[in-house]
Amino acid sequence: MRRRRVGQAAYAARAVVAFVVVMAGMTGSISSAVAVDTVAAQAIYKANACASCHMVDRKLVGPAYRDIAAKYKNDAGAQARLEKVVKNGGAGVWGAIPMPSHPRMSDADIRTVVQWILAGAPEK
Ligand code: HEC
């Protein structure tokens, strides 16, 4: 009984620590079980003109974010790969038009916006 309670307390403490770390944006890789920071992601999406080529649910110049989420649904490596595409640019996956590079975006911003896209770009 006693050991069990200690174990639960330790588990709860770990959960709190994990939450705080995620909130501070200090983790290298956040599991998909963690809630996406929708508000931050949408601000990043607007501030970096992603919206001039991408819409959430409709193809514009680039693919709809919901289509991107669907395409990579079962792809565990998608987060890391798409972070590189946003940073360095990409081509040939969705059609003839290339995706431009964003060398000035921070890795943290890129990570947040890609997590949001892969989660289906929820509105809130
Ligand atoms: C000038 C238009 C343009 C802008 C601006 C743009 N994109 Fe794209 N994006 C594209 C096109 C076109 C593609 C499809 C490229 C391809 O076929 O490989 C694409 C593809 C993508 C993909 C999927 C890549 C893949 O390999 O499947 C992601 C994710 C993405 N864009 C995110 C973003 C984000 C985030 C931003 C803003 C920081 C952004 N895009 C800004 C045009 C744009």
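Where is the place of Ala121? Ala121 is found in the segment after H5, and the sections below describe the chain to which that segment belongs.

## Basis of the model

The model is predicted: local features need a pLDDT of at least 70, side-chain atom pairs count only at pLDDT 80 or more, and totals for chains, interfaces and linings use all residues. Residues are numbered from 1 along each chain as its sequence is written.

The pLDDT is the predictor's confidence in each residue, on a scale from 0 to 100. The chain averages a pLDDT of 84, and 73% of its residues score at least 70. Over residues 16-32 the pLDDT is below 50. Beyond near neighbours in sequence, that stretch has seven contacts in the model; two residues are in contact if their C-beta atoms, placed from the backbone, lie within 7 Å.

## Overall fold

The secondary structure comes to five helices and zero strands, and the pattern along the sequence reads α-α-α-α-α. Helices (H or I, at least four residues) and strands (E, at least two) are DSSP runs, numbered from the N terminus.

The chain has 124 residues, of which 19% count as buried. A residue is buried if 20 or more other C-beta atoms lie within 10 Å of its own, exposed if 12 or fewer, and partly exposed in between, with the C-beta atoms placed from the backbone. Among contacts with a separation of 6 or more, residues 24 or more positions apart account for 57%.

## The nonpolar core

A nonpolar core is a set of buried Ala, Val, Leu, Ile, Met, Phe, Trp, Tyr and Cys residues joined through C-beta atoms within 7 Å. The largest one here has 15 residues, and those with the most contacts inside it are Ala41, Tyr45, Val113, Val114, Trp116 and Ile117. Helices H2, H3, H4 and H5 each give two or more residues to this core. The largest share, five residues, comes from H5.

Ile117 is in contact with Tyr65, Ile68 and Ala69, leaving aside its neighbours within four places in sequence. Leu82 lies in helix H4 and is buried, with 22 other C-beta atoms within 10 Å. Leu82 and Val114 are 32 residues apart in sequence, yet 6.8 Å apart in space, C-alpha to C-alpha.

## The two sides of helix H2

Which residues of H2 are buried? They are Ala41, Gln42, Ile44 and Tyr45. Seen down the axis of H2, these buried residues fall within an arc of 160°, so they line one face of the helix; the arc is that of the directions from the helix axis to the C-beta atoms. The buried residues of H2 pack against H5.

The face turned away from the buried side carries the exposed residues Val39, Lys46 and Ala47. Val39 counts as exposed because it has 10 C-beta neighbours inside 10 Å. Val39 and Lys124 are 85 residues apart in sequence and 7.1 Å apart in space, C-alpha to C-alpha.

## Two alanines with positive phi

Most residues other than glycine have a negative phi. Ala49 has a positive phi of about 60° although it is not a glycine. Ala49 is found in the loop between helix H2 (38-47) and helix H3 (65-71), and it is exposed, with 11 other C-beta atoms within 10 Å.

Phi of Ala121 is also positive, near 50°. Is Ala121 buried or exposed? Ala121 is buried, because 22 other C-beta atoms lie within 10 Å.

## Surroundings of the ligand

A residue is near a molecule or strand if its C-beta atom, placed from the backbone, lies within 6 Å of it. There are 27 residues around the ligand, and Cys50, Cys53, Gly62, Trp94 and Met99 come nearest. Helix H4 (78-88) and helix H5 (107-118) each supply at least two residues of this shell. The shell divides into 19 nonpolar, eight polar and no charged residues; Ala, Val, Leu, Ile, Met, Phe, Trp, Tyr, Cys and Pro count as nonpolar, Asp, Glu, Lys and Arg as charged, and the others, Gly among them, as polar.

Cys53 is placed in the loop between H2 and H3. Cys53 is partly exposed, with 14 other C-beta atoms within 10 Å. Leaving aside its neighbours within four places in sequence, Cys53 is in contact with Leu60, Val61 and Gly62. Cys53 and Ala64 are 11 residues apart in sequence and 9.1 Å apart in space, C-alpha to C-alpha.
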